Amino acid sequence: LQLTQNAVLTDTMAQSQLQQDQADTAAVSASHANLHFWQRVAASSIGGVATSLTMTPFDVVKTRMQAQARPKQFGSGNCFLYCNGLMDHLCMCAPETDKSVPWYRKPGAAKFTSPLDALLKIVRHEGPQSLYSGLSATLILAIPSTVIYFTSMDLLKAGLGYRPPNDTAGKAWVPPVAAVSARLVSVMCMSPLELTQRTDWSVVLRSASAEVRAHGLFSLWRGAVPTLLRDVPFSAIYWLTFDSARTARLRSAGADSLSLTEAAGLGGLAGLIAGLATLPFDVVKTHKQMELGVRAAAEASAANAAGNSSVWKAMRDLVKRGGLAALFTGVTPRLLKVVPASAIMVGSFECLKNYFAKMNATAGETLL
């Protein structure tokens with residue numbers, strides 16, 4: 001009888017230890033605390049590429065329609081904004097030659113009458129690859145920027161002990177602080193390269209050197225202020241919303257991780273809220289980008305650069321010309337970009353992290 005009782009006790013203790021080990025493994029997997037650095041980089045890279053491949057055709061169609069309707073605005077020396085789903089790029093209009101025509105000024109087989117009509121005609125007469133015109137050049141900046149932002153933010157959240165869904169009490173401040181810090185790092189790293197808008201690195205270095213000689217070292221970050229004024233509050237609001245909603249959803253469902261549709265849905269919702277909250281700064285950033293592009297095209301002097309209007313002056317000028325409503329122009333196009341792009345990027349990023357975390361947990365890896 002004593003031997004039987006000892007055997008039952010031993011078996012119970014073993015089962016209890018197994019259950020505890022499984023719970024610990026699930027907790028580590030759910031919090032992504034066992035991810036390798038390269039896995040975070042891979043998740044952000046793949047998410048960035050997926051977002052660009054999905055969103056770029058819509059911007060190419062928009063640009064082609066605008067160029068067809070207002071060809072003078074796309075003449076040599078002018079500039080336009082190109083969005084690949086990850087970031088906006090200021091593109092200078094190139095001169096047209098006998099041998100080449102810029103992709104945005106290609107003559108259509110017929111007049112585009114609607115976005116769907118433009119999409120179908122471009123695919124039919126030029127091939128589906130034309131829907132990705134200009135993408136490869138912009139990804140040189142967009143993918144590194146995305147990887148720096150998402151990877152550093154994720155590492156900061158893990159380093160500050162934020163491990164959803166359980167270990168988050170009193171730590172609601174961690175996601176916005178980590179997101180803001182990561183955004184600062186990303187913008188400061190990429191802003192000088194974004195300003196040059198070149199893919200030839202020898203040209204990048206020559207352009208940067210000339211800029212520093214003419215206007216000083218900090219001129220390399222002259223486009224960073226409007227970007228930070230939009231992206232810093234956007235990042236804080238976005239990740240506070242997303243992580244709070246994710247924790248609430250996981251606790252209510254008793255789950256360890258979000259499904260793809262849940263992550264995408266919450267990512268899109270957070271994008272909607274943050275996009276609306278920061279719309280005035282996006283309007284000002286667009287105006288400032290176009291202002292910098294016109295100045296670069298005209299090879300403005302240092303005196304003109306010194307007279308470049310501040311962000312707050314630009315905001316006051318917009319309100320003076322069009323009232324407060326001027327700060328909220330373009331709300332529909334912005335949300336049509338931000339919401340689906342956020343859903344795709346964050347949905348992909350979170351689900352890939354879930355996959356890697358479960359794979360590592362199965363192999364018994366607990367890095368943090």
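Guide: Here is a short chat on the fold and its salt bridges.
Guide: This is a predicted model: local features need pLDDT of at least 70, side-chain atom pairs count only at pLDDT 80 or more, and totals for chains, interfaces and linings use all residues. Residues are numbered from 1 along each chain as its sequence is written, and side-chain values use heavy atoms, with hydrogens and water left out.

Visitor: How many helices and strands are in the chain?
Guide: Twelve helices and two strands. Both are DSSP runs: helices are H or I with at least four residues, strands E with at least two, numbered from the N terminus. The order is α-α-β-β-α-α-α-α-α-α-α-α-α-α.

Visitor: How much of the chain is buried?
Guide: 44% of the 368 residues. Buried means under 20% relative accessible area, exposed over 50%, partly exposed in between (1.4 Å probe, protein chains only).

Visitor: Switching topic. How many salt bridges?
Guide: The structure holds 15. Each is a side-chain nitrogen of Lys or Arg within 4 Å of a carboxyl oxygen of Asp or Glu.

Visitor: What does aspartate 154 pair with?
Guide: Arginine 40, at 2.8 Å, N to O. Aspartate 154 sits in helix H4, arginine 40 in helix H2, 114 residues apart.

Visitor: Are those two buried or exposed?
Guide: Aspartate 154 is buried at 6%. Arginine 40 is buried too, at 2%.

Visitor: Which network are they part of?
Guide: Salt bridges link Arg40, Asp154, Lys157, Asp243, Arg246, Glu350 and Lys353. Within it, lysine 157 meets aspartate 243 at 3.1 Å, N to O.
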